[in-house]
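The following exercises concern the sequence and structure shown below.

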Amino acid sequence: MKKKKHEKLFHMVKRDDISTSVRVAIKLGAIVIALVLCAVITTVATGYNPVEVFFSFIDGAFGSSRKIWITMQDTAILLLISIALTPAFRMRFWNIGGEGQILMGGLGAAFVMMNFGESLPSGVVMLLMIVSSIFLGALWGFIPAICKAKWNTNETLSTLMLNYIATQLVAFFIVYKVPSGSAVIGIINQKTRAGWMPELFGSKYMLTILIAVILTISLYFYVNNSKQGYELRVVGESEKTAQYVGIKVGWVIVRTMIISGALCGLVGLLLVGSKDHTITTTITRGLGFTAIMVSWMAKFNPFIMIPASLLIVFMNKGANNMASAVGLNESFGEILLGIILFFIIGSEFFVNYKIAIKKDRKKNNSEKSENKGLTDVSKNKYEKY
Amino acid sequence: MVGIIAFIQGAIGQGIPLLYGCTGEILSEKSGNLNLGIPGIMYVGAMSGVIGSFVYENSVAGELNPFLAVAIPILCSLLGSMIMGLIYGFLTITLRANQNVTGLAMTTFGVGFGNFFGGSLIKLVDAQVSSISLSRTSSFFTKTLPFSGKLGWFGDVFLSYGFLAYVGIILAIVVAVVLKKSRVGLHIRAVGESPTTADAAGINVTKYKYFSTVLGCMIAGLGGLYYIMDYIKGVWSNDGFGDRGWLAIALVIFTIWRPAVGIIASFFFGGLYILYIHFPMGMVMNEIVKMIPYVVTLVVLIITSMRNKRENQPPASLGLNYFREER
């Protein structure tokens, strides 16, 4: 500073550690404040009283057994995408290309369904669909990864561009298949149901939910307990450290992004093969972006992503129900979601930092200079994200 | 000849919103803030202006006051995008939240804001109209320079736009000069390259980050306003603005963080966006042509990182937050 100002009364200090209960309390506090604010806004916008609003939200998400199933399926899909993106994020690779990777997966599945659905036996069709969607998803993860590994290309920007290239490829595929008229691919193979993913336990929603459960558990162990998971976490903490201990950084980046992309491709397969049975450029409905926030909100812990996804789906369904009941636009849900996200994002600050009154300064300095082991440092640094 | 002139006019008209978004985003990124909320902020900028002029139009029965008809939407738009910028700045600069996540949340919120009011404004203010059509206010925005019709093709190509188009071009030049030549620009760039060094040199990092991020958001918001008030003549349709905000971010990379280059580049992108309207080549080719801006941007991004020239790189601390006590 040019001239000496009066000393500030308080300043921010990084927390060294924080107990889980305090952390949870801060997060829940933020969510509660956000929900109260949402209730106030809803009351003002619709004229309903908060209790009615609450029940309308519950009705939108859990009002009938069909609504419960759809809520569960949507939660599962959001959860799956969040999980798919997580390994890359733990590596501090900002893959915001989930949208594109899902679309490519969906494109692969739709391509096989439309071209081979009726000429090959159904087992082969499904196998081809799985292979092609996972391959295309993985390819869309591989491109930014290899550029990052070789030339250190900014991955946020490259994955963003790949989203729109994928969107245009799907748009191209659609007009190529339906050159005249509506340019909409209706339900694919509606009569033969070729390439439709099987129903489990008599429910068409079950497959997605089951895959979500399996992948949540396996990804948790992959990231936290496997050698590859350890490698990608070290790369995330510090590339220099990773090189020093003999990890091939470039290969880890490429491998992790192939996994991330392949899992997104799998979601595309589920959307096209099991949920919608059609393909459009907006089949992801922005979930690739929402999932980034889910993964980050949950601190990259797959199990915490379950309630986080559920919260978002619940808010979305509830707000839609509310808005259509009073004749307002359905985007109301996005406004409420945005507000909740702002609060959760802001609350992160109070988890990582504390406000210190001036006289504490000496004490904090001595705390800061403490030496820490590698695992300790890594734990702390990771919390910064 | 007539076809080509119409195409150039269309390309520039399409390019101006991108130019605003690009200028704003460059200003923000130069200070180290990768603002992925720009698409949402442009929606908010557009919608705030629409709300302002909608309320004004519906409260005045007779002739509109030309000054108010222009000033109210602009001020509302600036206010809306300024609030968005302050939210983003507070979360990322003061609270040091992750910029990508914050930006995406801004986009979710902003697009939702635009579409919600787009679909509900009439009901909310109990107006007696069937759709949001602001032709009366819009006519002040679309007014061309008085002598544009008399100068043949020169007038059509260079003078036939509403005043916001020229403001956009001037802003891009001003931002380019300020960033490159002035002390303020030097400080902004220093903060974006290395906040630690800037801080040590006595530059107030927080102040400059706030300044350029919020100002960048306000400039971007005007892009939304131009689109709605001038380009499509005041008729709001939900999701009508489309993915132009993302295209503006692509443009930032395409121009390698140079606002003045953005002027030409935005017209180029705008031209690609509407090429299929003026030169019909079949639906299939259209979708391929629409892909070109993104492919070209990706290629530029990869090539600049391959060549690794220092002056062509993103600001070194782009996307990272600064906390003084963490060295």
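**Exercise 1. Confidence**

What pLDDT does chain B average, and what share of the residues score at least 70?

Solution. The structure is a predicted model, in which local features need pLDDT of at least 70, side-chain atom pairs count only at pLDDT 80 or more, and totals for chains, interfaces and linings use all residues. Residues are numbered from 1 along each chain as its sequence is written, while chains are lettered from A and ligands numbered from 1 in the order in which they are written.

Step 1. pLDDT is the predictor's confidence in each residue, from 0 to 100. Chain B averages 82, and 92% of the residues score at least 70.

Step 2. Within chain B, confidence is highest in helix 10, at 89, and lowest in helix 6 (residues 152-158), at a mean of 70. Helices (H or I, at least four residues) and strands (E, at least two) are DSSP runs, numbered from the N terminus.

Step 3. For chain A the mean pLDDT is 79, with 88% of its residues at 70 or more. Residues 360-385 of chain A stay under 50, and the model has ten contacts beyond four places in sequence for them. Two residues are in contact if their C-beta atoms, placed from the backbone, lie within 7 Å.

Step 4. The scores of the model are ipTM 0.83 and pTM 0.83.

**Exercise 2. Chain A and the nonpolar core**

Describe the make-up of chain A, then identify the residues with the most contacts inside the largest nonpolar core.

Solution. Step 1. Chain A contains 15 helices and two strands. Of its 385 residues, 47% are buried. A residue is buried if 20 or more other C-beta atoms lie within 10 Å of its own, exposed if 12 or fewer, and partly exposed in between, with C-beta atoms placed from the backbone.

Step 1. Taking contacts in chain A between residues at least 6 apart in sequence, 78% join residues at least 24 apart.

Step 2. A nonpolar core is a set of buried Ala, Val, Leu, Ile, Met, Phe, Trp, Tyr and Cys residues joined through C-beta atoms within 7 Å. The largest one has 210 residues, and those with the most contacts inside it are L80(A), I81(A), V267(A), I340(A), Y226(B) and L251(B). Helix 10 (residues 205-231) of chain B gives the largest share of this core, 16 residues.

Step 3. Apart from neighbours within four places in sequence, I340(A) is in contact with I31(A), A34(A), C38(A) and M315(A).

**Exercise 3. The contact between the chains**

How many residues does the contact take from chain A and from chain B?

Solution. Step 1. Chain A provides 46 residues and chain B provides 47 residues.

Step 1. On the side of chain A that touches chain B, at least two residues each come from strand 1 (10-14), helix 5 (122-151), helix 6 (155-177), helix 11 (287-297) and helix 13 (332-352) of chain A. The largest share of this side, 13 residues, belongs to helix 6 of chain A.

Step 2. By class, this side has 31 nonpolar, eleven polar and four charged residues. Ala, Val, Leu, Ile, Met, Phe, Trp, Tyr, Cys and Pro count as nonpolar, Asp, Glu, Lys and Arg as charged, and the others, Gly among them, as polar.

**Exercise 4. A bent helix**

Where does helix 12 of chain B bend?

Solution. Step 1. The expected span of a helix is 1.5 Å times one less than its number of residues. The 20 residues of helix 12 (residues 259-278) of chain B should therefore span 28 Å, in agreement with its end C-alpha atoms, which are 28 Å apart.

Step 1. The bend, of about 40 degrees, is at L272(B); it is the angle between axes fitted to the seven residues ending there and the seven starting there.

Step 2. Buried residues of this helix include P259(B), F267(B), L272(B) and Y273(B).
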